[in-house]
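Some labels used for a protein model rest on cut-offs. The questions below ask how each label is reached.

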Amino acid sequence: MRKNILIIDDDRDLRDSLQQALAAAGFDVEATDRGALGLRKLLSDEFDLAFIDINMPEISGPNICQALRKHDKTRNLPVVIITTTFHSPEQIRAAKEEYGVDDFLFKPFTGIDLQHLLERVFSQTQKTVSAAEKKVLPIAEFTIPTQLHRLYVEKATGLLHLHHGAAKKVIYIKDGYPVFARSNVLGECLGRMLVREGVITQVDCDQSVEVSKKTGRLQGTVLIQMGLLTPQELKTVLERQVTEKLLSTFAWRIGKLYFEPGKDFKKGVTQIRLSPASLILQGVSRYWTFKQVDEFLSPFTNDYLCQAINPKYRFQDIDLGKRGLAVLKSCQGQKRLQDILEQHPLARREVQKLIVALLISEMLEHHATPQQGVVDDHADAEVAMVDEKLRRKILDDYQRIMDANYFDALAVDRKSDSGEIRRAYYKLAKEYHPDRFLGSDLSREMSTKINEMFQYISQAYTVLSDPTTRNDYLDELINGPKKKIDINQVIEAETAYQEGVALLKVRRFAAAAKALKKAVEFSPAEPEYMTNFAWALFKSAPEKAEICNQAMEILLASRELSPGSYQTHMCLGYVYQARGKERQAEKSFEMAVQANPDCTEALRELRLINLRREQSAQHKGLFSGFGKKDR
C-alpha cells in the first residue's frame with residue numbers, strides 16, 4: 001500500500017523539489033505553505049509521515065509537532081523537521097523529548113540523504129511487517145520466561161505473539177511490562193472465566209455477549225452497565241485474566257513466538273502493569289516440571305550464587321515470601337548452588353524453582369569462584385523501611401483509589417446525596433492530606449503517591465459535589481466519553497498559545513495574558529495553556545491581590561489536571577510568595593522538585609526559604625538574650 005506524506009513548508013522551491021522527489025520514490029504527496037492549514041489536514045486526513053519546516057509564519061514546525069502529540073489520531077504520526085540550522089546530538093535529543101519530533105532533514109540535502117532518512121523513519125514499520133519472517137523463535141523449554149525478561153530489560157513496547165498448535169495469544173508489552181493479553185482459547189474469555197468462578201450466570205454471560213456484539217462495547221463494560229461488576233472488580237478480574245492467559249503459556253513445550261515492535265496501543269486497551277519478575281516466579285512455580293528445573297539448573301550446580309550488584313528489578317517487584325527472602329539472603333557469593341539446596345531438604349523443589357526465577361530475572365548471579373564483599377541490599381530491605389505497615393497501606397489505598405472512578409474512589413454509591421459525598425471526602429482528605437505526613441520520613445515515592453491520591457479525591461469531590469458535573473460524569477461512565485475534536489478550535493488555540501508564549505519571552509505580560517486567555521477559551525482543559533495564562537496574568541500586575549488570587553485559582557485547576565507539571569508547581573510557589581504565604585510556597589517548590597529533581601530554580605528557592613528561616617531564628621534568639629539580661 002502506498003504511503004501518504006504531507007509537506008508543510010513556505011519555501012516554494014524546496015516544497016516543489018521535495019514533493020517531486022518523494023513522488024518519484026512512489027509516495028502519494030500533498031503540500032501546503034501554511035502551518036495552520038497543514039495542522040488541520042493532519043488532524044482531518046490520513047497520513048503516514050509529515051515533513052514540516054522549522055520556521056513557519058503561523059505556527060513553528062516543533063509546535064505543530066507538539067500539537068499533534070496531544071491527539072490520539074496523530075500521537076504516533078512520524079514527523080520530520082526541515083531546517084538549515086546545525087543541531088548537536090543534545091539539541092536533537094531535547095527536541096525529540098520536548099516536541100515529539102522523530103527526525104530532522106538538514107538543508108541542503110541530497111537524494112541519498114532523503115533516502116536514508118526515509119529508511120530510518122519507516123524502519124519501525126518495516127520491522128513490524130517483517131517480524132513474522134525475521135524474528136520467529138521456536139518455543140522450547142525456557143523460551144517464554146527468558147523472552148519476557150529480555151523485553152523488560154530492553155524496555156520494549158509492542159506485541160508478543162505466541163502460537164501453540166491452534167492456540168494463539170498476543171501479549172501487549174509496554175516499556176517492558178505486560179499490560180494486556182488476547183487469546184483465541186475459548187476457556188480464557190472473560191465471560192466464561194466469570195461463569196466458571198460463579199461470579200455471573202451463563203444467562204448473564206450470554207446476554208452480555210449479545211449486547212457487546214450489538215453495541216461494539218467490551219464485554220467488561222457491558223457487565224458494569226448490567227450492574228454485575230463494579231469498575232474495581234472488573235480491574236481485578238482483568239488482571240487475573242491477563243495473568244492466567246500469560247502464565248498458562250509456561251506449560252508450552254513447542255510452538256513459536258515473535259515480537260512485533262510498536263509505539264503504543266489503541267486507547268481502548270485496558271492496561272494492567274504486571275511485574276515480569278513476579279510473573280516468571282509464578283509461571284515457573286506452577287507450570288515447570290521437575291525435569292525442566294533440573295535441566296535449567298544443572299550447569300550451575302557447582303557455581304557460587306550471589307545477589308546481583310545491579311539487579312534489574314527492585315525486590316518489591318517479586319513476592320518472595322519468608323522462605324524466598326531467606327534463600328536470597330543466603331546467596332552472598334560464598335555458597336554453591338548445591339550447598340544452598342542442601343539447606344532446604346524438605347523444600348528442595350520449591351527452592352529450586354525460586355532460584356530458577358531469580359536467575360532468569362537476573363536478581364541472582366552465578367560465578368565459578370567465590371565472591372567477596374557482596375552486600376545484602378534486598379533481604380534486609382524490610383529493616384530499612386521506617387514503617388512497613390504504613391507503606392503497605394499507602395500502596396494498597398493508592399492502587400484502589402487511583403484505579404477507581406470517582407464514586408468508587410470516595411467509596412460512595414452513585415445515588416448518594418451531597419451530604420454523603422461531602423462526609424466521605426472529608427474522611428479521606430483528613431487521612432491523606434499531605435501535611436499529615438510531614439516529618440514521617442517517608443520516601444519521595446510514597447510522598448508523591450500521597451499527593452496524587454489527595455489531588456485525585458479532591459478532583460472527585462469537585463466533580464461529584466456539583467449536580468451538573470456529576471450528571472455529566474455519570475453519563476460518561478455509562479456511555480463513554482463524549483470526545484470530539486473541533487479542528488478549527490485546535491488551530492485557534494495553538495496559534496493563540498504560540499503568540500502568548502512569544503510575548504512572555506519579551507516580557508510583554510499584559511499582551512501575553514490576552515493571547516493566552518484566548519487559547520484557554522478555545523481549549524479550556526489544556527493545563528499547559530492554563531499555566532502560562534496564569535503566569536502572564538500574575539506577572540502583568542503582581543501587586544494586585546485580585547489578579548494574584550485569579551492566577552492562583554487557575555494554577556490550582558491546572559495542577560489538578562496535570563499534577564506532574566513542575567512548571568505549574570513553580571508558578572504557584574511564586575504566586576504564594578507574592579501573597580505572603582511562605583509555607584504554601586515552600587510546599588509548591590518541594591512538589592516542583594518531586595516532579596523534576598533537576599529543577600534548579602525550585603532548589604534555589606527552597607535554599608532561600610531555609611536561609612530566611614535560619615536568619616529569623618537567629619534574630620529572635622538575639623533579642624531573647626537581651627530580654628533575659630534586662631530581667
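The model is a predicted one. In it, a polar atom of the S183 side chain lies 3.0 Å from the backbone nitrogen of V185.

Q: What makes the pair formed by the side chains of S183 and E188 a polar contact?
A: The two side chains are joined at 2.7 Å. A polar contact needs N or O atoms within 3.5 Å, so the pair of S183 and E188 counts as one.

Q: Where is S183, and which residues does S183 touch beyond four places away in sequence?
A: S183 belongs to strand 9, residues 177-183. S183 touches K168, K169, E188 and K245. Between S183 and K168 there are 5.9 Å from C-alpha to C-alpha, at 15 residues apart in sequence.

Q: Why is S183 called partly exposed?
A: The relative accessible area of S183 is 25%. Buried means under 20% and exposed means over 50%, so S183 falls in between and is partly exposed.

Q: Why is T249 called buried?
A: T249 has 0% relative accessibility. The cut-off for buried is under 20%, so T249 counts as buried. T249 sits in the loop between helix 11 and strand 10, and its contacts beyond four places in sequence are I144, L162 and K169.

Methods: Residues numbered from 1 in each chain as written. Predicted model: local features only at pLDDT ≥ 70, side-chain atom pairs only at ≥ 80, totals over all residues. Heavy atoms only, no water. Helix = DSSP H or I, 4+ residues; strand = E, 2+ residues; numbered from the N terminus. Buried < 20%, exposed > 50% of the residue type's maximum accessible area, 1.4 Å probe, protein only. Contact = heavy atoms within 4.5 Å. Polar contact = N/O pair within 3.5 Å; in protein donor to acceptor, adjacent residues only side chain to side chain.
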